[in-house]
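Colleague: I am new to this structure and would like to learn how to read it. Please take me through it one feature at a time.

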Amino acid sequence: TANTVGSEVSNSISVGSNGGAFYESPIKAFGKIASNGDIEKATPGIMVDRLAAGNYRVFLPAGLVSDDDYIIQLSLLSRNGTGNDDPGITYFNQGGNSFDVRIGDNDNGGGTRIFYDSEFMFSILDF
């Protein structure tokens, strides 16, 4: 019998219930969302609603994350210096079943954020 799982402390692979090697990725979900809220590509079970200009709610499948304290990474399509040239993307209302995303132009710090629809991407990590 050969050992297929190393015993090093930093090893992320464990022995599964059937004796085989098992790896549980910390990456639980990811998605590419169109400006209208349509899913271009995403982990199965993800749903998105566009709530208002620049405001989206991302719904997670039940049991995807262990609690409300998972990691959300967001990225925003470049504006290439035209129009909304100081974009920002934030998350809020983070819970076990969903989180909200807000996209807007920060007006170079000169005024209140102006919300606009944009393609965005996200990834969720949990361990």
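Colleague: Is Lys28 buried or exposed?

Modeller: Buried means under 20% relative accessible area, exposed means over 50%, and partly exposed lies in between (1.4 Å probe, protein chains only). Lys28 has a relative accessible area of 17%, so Lys28 is buried. Before going on, note that this is a predicted model, where local features need pLDDT of at least 70, side-chain atom pairs count only at pLDDT 80 or more, and totals for chains, interfaces and linings use all residues. Residues are numbered from 1 along each chain as its sequence is written, and side-chain values use heavy atoms, with hydrogens and water left out.

Colleague: Which side chain does Lys28 meet in a salt bridge?

Modeller: Side chains of opposite charge can pair when their charged atoms come close. A salt bridge here is a side-chain nitrogen of Lys or Arg within 4 Å of a carboxyl oxygen of Asp or Glu. Lys28 pairs with Glu24, at 3.0 Å from N to O. Glu24 is exposed, because its relative accessible area is 53%.

Colleague: How many salt bridges are found in the whole structure?

Modeller: The search finds four. One of them joins Glu40 to Lys32, with the closest N and O atoms 3.8 Å apart. Glu40 is partly exposed at 40%, and Lys32 is partly exposed at 29%. Another joins Asp100 and Arg57, at 2.7 Å from N to O. That pair links distant parts of the chain, with Asp100 in strand β9 and Arg57 in strand β6 (residues 55-59), 43 residues apart. Asp100 is buried, with a relative accessible area of 3%, whereas Arg57 is partly exposed at 27%.

Colleague: Which residues does Ser98 touch, leaving out those up to four places away in sequence?

Modeller: A contact means heavy atoms within 4.5 Å. Ser98 touches Arg57, Val58, Phe59, Leu60, Tyr70 and Asn93. Ser98 lies in strand β9 (residues 98-105) and is buried, with a relative accessible area of 17%.

Colleague: How many helices and strands are there in the chain?

Modeller: Helices (H or I, at least four residues) and strands (E, at least two) are DSSP runs, numbered from the N terminus. The chain has zero helices and eleven strands.

Colleague: What radius of gyration does the chain have?

Modeller: The radius is taken over C-alpha atoms, and the globule rule is 2.2 Å times the number of residues to the power 0.38. The chain has 19 Å, while a compact globule of 127 residues would have a value near 14 Å. Along the principal axes, the C-alpha atoms fill a box of roughly 65 × 25 × 25 Å.
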